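Subject: Structure handover

Hello,

Please find the structure below. My notes on it follow.

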Amino acid sequence: MTRRVVITGVGTVSALGTNTPDFWNGCRAGASGIGPIGGGVDRTGIRFPNGAQALAFDPSRHFDEKQLIPLDRFATMAIVAAREALAAAQLELTPDEKTRAAIVTGSCYGGKCSEDAGFRSLYKDNQPRVHPLTIPRLMSNAGASALTLELGWQGPVWTVSTACSSANHAIGQAFWLVRHGLADVALAGGSEAPFTYGSLKAWEALRVVSPDTCRPFSKGRGGMVLGEGAGMLVLEPLERAQARGATILAELAGFGMSADAHHLTQPSAAGAARTLRLALDDANLPPEAIGVVNAHGTGTLANDVTESAAIREVFGANLDRLRVIATKSLHGHALGASSALEAVATVLGLREQCVIPTANFQERDPECDVPLSLEHAPWPHEAAVSNSFAFGGLNAVLVLRTIPS
Amino acid sequence: MSETVSPEVLDRVLRTLAETQKLPLEQVTPEASFEQLGIDSLDGINILFALENEFNINIPDESARLVRDVQQLAAGVQKILDEKDAQPAASA
C-alpha cells in the first residue's frame, strides 16, 4: 500500500512566540528571536551572550501544577505545539482509529533542564537525593509518552535522537508509516529545551556558538545561536483529509536520509548532496521542481560553505528559479526541534507562495554563493526541500509540495 | 604574532599538545604545522581545552580560529599569560 501524505495541522513554540500565527508573523517580518540569554538561566562566565529562548512560553498557562510535576520544559513544549497542530487539523479520532495513530518525536537530549537541576543539587549543593521523577522527566521520549496519555493514541510511538536532524528524521519516519499504511494518522516533530548552565558550558567548549547572532551564509558569520522550542505536524493520507474536508496545508512528498561517514563534526558536501537526491527520488520530483530550499543554515563557518556547495551541485542548473531561506537566523538552532520549526516555515511558505527573510545578513560570502532570500516576497513554487545535517554526519531532508485545490 | 615565548611556556605547550594528540614529544616541534601533525578542527578544540586547564587561562574563540601551527599557538598562549600578569591579581 502506498498513499500520498498531507499535512493538515501545524503547531509551534519558539523564540518567535507560543503559537504558529506569532511564529509565522516573525518569520515574514524577519524579526529575529535572538536576544540576551535570560529567563533566570545561569550564564555565569559563558562566553556567548545571546540565545533564541521561548521567553514568552510559560508552562503554567498550559498545565495545572499537578500536571507539571512529571514534565520537563522540553515535554511541555512538545505537548503545547501538538495541541495547536491537532486543533488546527480539527482531527477527531474514534477509539479504533487511535490504535492506528502514531507519534514520532525528535529530541537531541531530552529533559536537560531536569537533569541539570538534579545533578546540580547533588554535586554542588551536596543534597543527598534528586527528584524521584528525574528519570521520567529526562528520558528523550517524555514528550511523546505524555502525548499518548493526553490523547489516548495507542499506535506506534517513539522518539528519534539524531542531534540537529532529530525532528526531520522523526517527521520522515512518521511520513513513511502513513504512506505505507502502518499508521492512519501521525503527529510528528520535535522539541528541545537546552538552556541550562551545563548545556551552555558544553556548547561554549565546542567553540561553534556565535559571539553575537546567527548570520547564515553571510560574510562575517560567527557561528550558531542556540534556540529552544517545539514544532509538531499532523500527517494523514490525502484521501482521508479530502474525505473529511480538512484544510490541506501541503503534501509531504519525500524523505531522504543518509550518513556522511566522514567526520564527527565537520559536514560533507557530498553527503548533503546525496541526501537531497535521495529525498527528491523519494518524492519522484526532479531538481527543477524545487523552488525553495529551507537550508540547515546554522551560520557556522563550515556548514554554510559545504551546504552551499551541495545546493549548487544538486540545483546548479536552475539557481535563478531557486531561493534559499535560513530560518535559524529567526528561531535560533533549537537542536532536535529545529527541523520541525523549519518544516513548518517551509509548509507555510508553500501555502502562501512566498519566501521569507534571512535575518542578520551582512554581506555576500563568495564561498556561500546561493540565491539567499533576504525579504518577504511572493515566490511561486510547486515544491520545497527542508534540510537537516546533524553532528555525527547524519542527514535528513524533507520534500514538501503544494496540493492543487 | 611577534610575541617572545618563554622556554618554559613553549615546553608546556609542546607537552600539552603531545599529550592531547597522543604523539611522541619529539615529533611536536615549534616549527610543525597543525596539518603536519594531523590536527583537525576537533583536535584543535581538545588542545585549546587542555591548554586552558594547563595554564588556567581562557582562550577566546576568535583568536583561536586563526592559529595554524605550534609557534602561533605558543605565541597566543604567551600573549594571554602576559595580559593576565599585567592585570591586577583577582582573588586567587
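Is Cys27(A) buried or exposed? Cys27(A) is buried, because its relative accessible area is 0%; buried means under 20% relative accessible area, exposed over 50%, and partly exposed in between (1.4 Å probe, protein chains only).

Before the rest, some conventions. This is a predicted model, in which local features need pLDDT of at least 70 and side-chain atom pairs count only at pLDDT 80 or more, while totals for chains, interfaces and linings use all residues. Residues are numbered from 1 along each chain as its sequence is written, chains are lettered from A and ligands numbered from 1 in the order in which they are written, and side-chain values use heavy atoms, with hydrogens and water left out.

Confidence

The model has an ipTM of 0.84 and a pTM of 0.95. Chain B has a mean pLDDT (the predictor's confidence in each residue, from 0 to 100) of 89, and 91% of its residues reach 70 or more. Within chain B, confidence is highest in helix 1, at 96, and lowest in helix 3 (residues 61-65), at a mean of 82. Helices (H or I, at least four residues) and strands (E, at least two) are DSSP runs, numbered from the N terminus.

Cysteines

A disulfide is counted when a pair of cysteine sulfur atoms lies within 2.5 Å. By this rule there are 0 disulfides over all chains. The closest cysteine sulfur to that of Cys27(A) is in Cys354(A), 9.5 Å away, so it is too far for a bond. Cys108(A) is in no disulfide either, with the nearest cysteine sulfur, that of Cys164(A), 6.0 Å away. Cys108(A) counts as buried, because its relative accessibility is 18%.

Cores of chain A

A nonpolar core is a set of buried Ala, Val, Leu, Ile, Met, Phe, Trp, Tyr and Cys residues joined through side-chain atoms within 4.5 Å. The largest one has 49 residues, and those that touch the most other members are Ile7(A), Cys27(A), Ile171(A), Leu233(A), Leu235(A) and Leu252(A). Helix 14 (residues 338-352) of chain A gives the largest share of this core, 8 residues. A second, separate core has 31 residues, including Phe57(A) and Val185(A).

Helix 14 of chain A is largely enclosed by the rest of the structure, because 13 of its 15 residues are buried. Its end C-alpha atoms are 21 Å apart, which agrees with the 21 Å that 15 residues should span at 1.5 Å a residue; the expected span is 1.5 Å times one less than the number of residues. Just after this helix, Gln353(A) takes a positive phi of about 50 degrees.

Helix 1 of chain B

Lys22(B) follows the helix and has a positive phi, near 55 degrees.

Where the chains meet

Contact means heavy atoms within 4.5 Å. On that basis 11 residues of chain A are in contact with 12 residues of chain B. The two chains bury about 960 Å² between them, 47% of it on carbon and sulfur atoms. Buried area is the accessible area (1.4 Å probe) that two parts lose on being put together, summed over both. On the chain A side, Arg47(A), Arg207(A) and His263(A) lose the most area to chain B, together 54% of what that side buries.

Regards
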